[in-house]
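Hi,

Here is the structure I promised to pass on. Have a look first, and then read on for what turned up in it.

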Amino acid sequence: MSLELIYFKACPFAQRTLIALAGLGLDFTKTLINPKQKPEWMFEVSPSGQVPLLKVAGQSVLFDSSVICEYLNDTAKGKLLSADPLQRAQQRSLVEFAGECQMAFGGLIAAADEEKFNQVKASLLKKLNWLEGQVDAAGPLFAGGEMTMVDVAFAPLFLRMEHMQKVAVLFSADDLPKISRWNGAVLGQKAVAESIEGDFAPIFKMVVASRGKDGFIHKRMS
Ligand SMILES: N[C@@H](CCC(=O)N[C@@H](CS)C(=O)NCC(=O)O)C(=O)O
């Protein structure tokens, strides 16, 4: 069955699906869309006009990264999600939470000045402090040695946080030791590396220039 991923290069939600595809070893094709020139057909298959989209067997289209990742896992009979209903639901909750953290991170990029940046940072850190208590004590990944959907969902955020930390400190390894270790382990995963096309630094720069033009981070990067 053919799988075609429709995506934007800079989209963290699309990156989740790329990680799942690579991690599960599935064959697929990619169709890159320019977010400023979305083709008309996108709105026919996606009510929000958002990526990622997954076209299955050339006809059925799925939208929303968590749904796509779950479908990919089921199709490949993967182990990214637990077979136990309660554990699976807990993983799904964390995938949703990863989306909330990602949105908060978007607020850092958009922050107009340092005061706003610090406000958004405090709210993101509150979420990360809670998350710190959920991470497996032995690691290296969220729930131990095997990659799960929780790792897949947080990987795009960790990649972006790594680039943000080069211009504005969010937290140190002493503040969030388990997350810091987990972050490093996730970014070291082959599937995560494969989901990044070339150097991510210019992609991050482009996102900052477009979503946070003349804002606190944009000025620091220029
Ligand atoms: N909940 C969605 C969010 C997807 C999303 O926010 N996609 C953004 C790019 S990162 C998008 O397509 N934005 C274009 C738009 O809203 O017009 C998912 O997980 O797939």
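Which residues lie nearest the centre of the largest pocket? They are Phe8, Cys11, Pro12, Phe13 and Arg211, out of 37 residues that line the pocket.

Before the rest, the ground rules. This is a predicted model, so local features need pLDDT of at least 70 and side-chain atom pairs count only at pLDDT 80 or more, while totals for chains, interfaces and linings use all residues. Residues are numbered from 1 along each chain as its sequence is written, and side-chain values use heavy atoms, with hydrogens and water left out.

**The pocket**

About 1,100 Å³ of space lies in the largest pocket. For the terms: on a 1 Å grid over the protein atoms alone, a pocket is an open set of points with protein on both sides within 12 Å along at least five of seven lines, a cavity is a set where a 1.4 Å probe fits but cannot get out, and lining residues have an atom within 4 Å of a point. Points are joined across faces, edges and corners, and a volume is the space filled by probe spheres set on them.

α1, α3 (65-75), α4 (85-110) and α9 each supply at least two lining residues (helices are DSSP runs of H or I with at least four residues, strands are E runs of at least two, both numbered from the N terminus). α4 has the largest share, with 8 residues. By class the pocket lining has 18 nonpolar, 11 polar and 8 charged residues (Ala, Val, Leu, Ile, Met, Phe, Trp, Tyr, Cys and Pro are nonpolar, Asp, Glu, Lys and Arg charged, and the others, Gly among them, polar). The pocket lies between domain 1 (3-75) and domain 2 (85-221), because both give residues to its lining; the bounds come from an automatic or database domain assignment.

**The ligand**

Around the ligand you'll find Phe8, Cys11, Pro12, Phe13, Lys38, Gln50, Val51, Pro52, Asp64 and Ser65 (each with a heavy atom within 4 Å of it). There are polar contacts to look at too (pairs of N or O atoms within 3.5 Å). A polar side-chain atom of Ser65 sits 2.6 Å from a ligand oxygen atom, and one of Gln50 is 3.3 Å from an oxygen atom of the ligand. Val51 uses a polar backbone atom, 2.9 Å from a ligand nitrogen atom. On its own the ligand has 510 Å² of accessible area, and the protein covers 70% of that (Shrake-Rupley, 1.4 Å probe).

Pro52 lies in the loop between α2 (40-45) and β3 (53-56). Another cis peptide bond joins Gly139 and Pro140, again with omega about 5°, and Pro140 is in the loop between α5 (114-132) and α6. Lys77, in the loop between α3 and α4, has a positive phi near 50° although it is not a glycine.

**The cavities**

The count comes to 3 cavities of 30 Å³ or more. The largest cavity holds about 90 Å³ of space. It has 14 lining residues, with Lys9, Gln15, Leu18, Ser195 and Ile196 the closest to its centre. α1 (12-24), α6 (149-164) and α9 (200-211) are the elements that give two or more residues to this lining, and α1 gives the most, with 3. The cavity lining divides into 9 nonpolar, 2 polar and 3 charged residues. Domain 1 and domain 2 both contribute to the lining of the largest cavity, so it lies between them.

Cheers

Conventions: Polar contact = N/O pair within 3.5 Å; in protein donor to acceptor, adjacent residues only side chain to side chain.
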